[in-house]
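Please look over the two-chain model shown next.

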Amino acid sequence: MLNRNNLKVWLKSVSLVGALWVANSALAESPEEKGLRIATERKAADKGWGDSIATTKMILRNAHGEESVREMRLKALEVNGDGDKGLTIFDRPRDVAGTAFLNHSHINEPDDQWLYLPALKRVKRIASRNKSGPFMGSEFSYEDLASFEVAKYTYKYLRDEVVNGEKCWVLESIPTDRYSGYTKQIVWIDQSHYRPQKVEFYDRKRSLLKTLTMSDYKLYLDKYWRAHTLSMVNHQTGKSTDLLTTETQFRVGLEERDFEQNALRRAR
Amino acid sequence: MLRLNKICAAVVMAASSCAVNGVIAQESVDFELRGYFGAEGRYYAEHAHDPMQSDSQFSVTAEPDLYWQWPDGNNSFTFKPYLRLDSQDSERTHFDIREAMWLHIERDWEMRLGIGKVFWGVTETVHLVDIVNQTDTVEAFDGEEKLGQPMLQLTFLKDWGIVDAFVLPGFRERTFPGKEGRLRGNFVIDTNNAQYESSDKTGHIDFALNWRNTYDDLDISLNWFNGTSREPVLRPEMNPQGGLTGELVPFYPQINQFGAVAQYIYLDWIWKLEAINRAGDKIDDYNAMVGGFEYTFVGVFGSFSDLGIVAEYSWDERGTDASVPAQNDVSLAARVVLNDISSTEILAGWTQDLDYSDSRSLFVEASTRVGDSTKVTLDMWLFNSEDSRDLGYGFSHEDFIQLAVEWYY
């Protein structure tokens, strides 16, 4: 029979067990759960940026150090619940000036992609299941330039490590898309602002293919960090590409209609 | 007093929004110039039929592209003249205004007024539904180049698709190689005495409508054109005495054309279909279609190269009486994109006529970039035809190789 005292004791023991159970489960957060939690928090930290316009320059270097320059403008629109939308207009090399690339990225299905060829006034749709090909002859693939979405990978927390002077979580990310060009990525995310600092890409043969380093982070709208220098080095070919952002503006008033097929025809 | 305040507030609001717009405008493009200068050499493998023609020709080209944008960002003007000077063919030496277009953008509609170019369709080998602009045959005998067309184009952006309405005043005659030019067939076409069904001749005003929409992986468009046919009927030319001059003269009938386009993406496949129905008092009513697929292998042979395969079949209801060579033809082409710094691409293809078994053509197009902004393109075409009834027969001695260099700025 439960008298008042007994009830108290019983309640105490129940709550103690409960507390222990909660504490225990936090301690026992598996590397997979911790990895997913960090990735989810990373995405959440970058939510709400809206839209942006950036002017960028790509410097392509071959193994002999010879350089070639690409210049382009990027318009981007944040999409909640799906991948972001992007419109890229090329300015250099001059023979492709005016060519525009429209991408509606998706989390669980292939992106919708279109290319506008100004000389022909023609919009061509692109089959985009496989995004492992190089972007404009650079060391970046289409896949590398797509927006980060939590569901695109499965995660495993590996360790803590200091990179670029920042204390980072090191995560193993395995692409969920079977048409990805990679078997895994190792990502260093800093613990102060959830910013990726470094990524290692492993090819389909599971050997290290490329390393991407992010630097020159700048803060926008008091919340959103953007790396102004992305350096990709291909370890297998000795080639490298620097992607430099010269200017970025946020919340310039871009809307869905600026990312429709029709907008491609007047992209300039 | 209250009212005055309201007006003042409105004026201040308007002024400040202008100021904001002004700031944005300063950062956007006000004037931009780009374009290229080109040089081209062409060599023919066989001697010409006509002693007037030669076995090689050279030309230089220029195409500047001038662009102005109004400070509000909703208005722009593009001016793109084009010039080619050819060493051999006086008809190929020509000037054209490819574009002189004012574009006005509103939230759910757009207006284009001036001279411009519009492309309709999805297929690669034959452009059946593409009818707004006239073909510039002296530029490219395969129909890939177009003349500027005067037009008023209104675009309406609706939830159920995009509608383009066109008023097309001012007809452009098709260009044809002259007496001294190659790739003209066995007969000279007298472009100075073109004939028309309409008494308005080149002054006839044509109309066109196009609706297009995307349903997930399916793109559909339907279009209609009414006016002067871009494709002339070539008739033997008579002299005033009623005798034959030995040349052909183009006759442009009035037509009414309906077109339909479908494109479907499935995995790495793109399926394409174009169909038309063309009717008129001076032509036989007929249907024609072209369809096929494009399939891309990404990263072939363990490299960064992509290999695209294009297969298309074209059919014309008129059969061997058709005015086009692709009446029952199958084409197969392979495009290799190296994805290198120089953007090197090689496209090779083959077309076989299924009615005339000896009629086929083979082509190779390769391009690459040299340095920062110079593009080099190599083209080769080989033709075979044994039957004089085949429209391709006139090309059977016209095998050529062409090297073009273009400097972009």
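## Charge in chain B

How far apart are the mean positions of the positive and negative charges of chain B? They are 5 Å apart, for 31 positive and 65 negative charges. Lys and Arg count as positive, Asp and Glu as negative; His and the chain ends are not counted. Each charge is placed at NZ of Lys, CZ of Arg, CG of Asp or CD of Glu.

## Basis of the model

This is a predicted model: local features need pLDDT of at least 70, side-chain atom pairs count only at pLDDT 80 or more, and totals for chains, interfaces and linings use all residues. Residues are numbered from 1 along each chain as its sequence is written, chains are lettered from A and ligands numbered from 1 in the order written, and side-chain values use heavy atoms, without hydrogens and water.

The mean pLDDT (the predictor's confidence in each residue, from 0 to 100) of chain B is 91. In chain B, 93% of residues reach 70 or more. Residues 6-26 of chain B have pLDDT below 50. Beyond near neighbours in sequence, that stretch has three contacts (heavy atoms within 4.5 Å) in the model. Where pLDDT is low, the predicted coordinates should not be read in detail.

## The two chains

Chain B holds one helix and 21 strands. Chain A holds four helices and 13 strands. Both kinds of element are DSSP runs numbered from the N terminus: helices are H or I with at least four residues, strands E with at least two. The C-alpha atoms of chain B fill a box of roughly 90 × 65 × 45 Å along the principal axes.

Of the 409 residues in chain B, 47% are buried. For the 268 residues of chain A, the share is 50%. Buried means under 20% relative accessible area, exposed over 50%, partly exposed in between (1.4 Å probe, protein chains only). Chain B exposes about 19800 Å², with 61% from carbon and sulfur atoms. Chain A exposes about 13100 Å², with 54% from those atoms. These areas come from the Shrake-Rupley method with a 1.4 Å probe; for residues, only the protein chains shown count as cover.

Among contacts at least 6 apart in sequence, 54% in chain B join residues at least 24 apart. In chain A the figure is 44%.

## Nonpolar cores

A nonpolar core is a set of buried Ala, Val, Leu, Ile, Met, Phe, Trp, Tyr and Cys residues joined through side-chain atoms within 4.5 Å. The largest has 30 residues. A:M58, A:F90, A:L212, A:M214 and A:L230 have the most contacts inside it. Strand 11 of chain A gives the most to this core, with four residues. Apart from it lies another core of 20 residues, including B:W120, B:M151, B:L168 and B:Y286.

B:S221 lies in strand 10 (residues 218-228). Its relative accessible area is 11%, so B:S221 is buried. B:T61, in strand 2 (residues 56-69), is buried at 11%. Leaving aside neighbours within four places, B:T61 contacts B:Y36, B:F37, B:G38, B:Y82, B:L83 and B:R84.

B:N277 sits in strand 14 (residues 269-280). At 28% relative accessibility, B:N277 is partly exposed. Not counting residues up to four places away, B:N277 touches B:N256, B:Q257, B:F258, B:Y286 and B:N287. B:R230 is 47 residues from B:N277 in sequence and 15 Å away, C-alpha to C-alpha.
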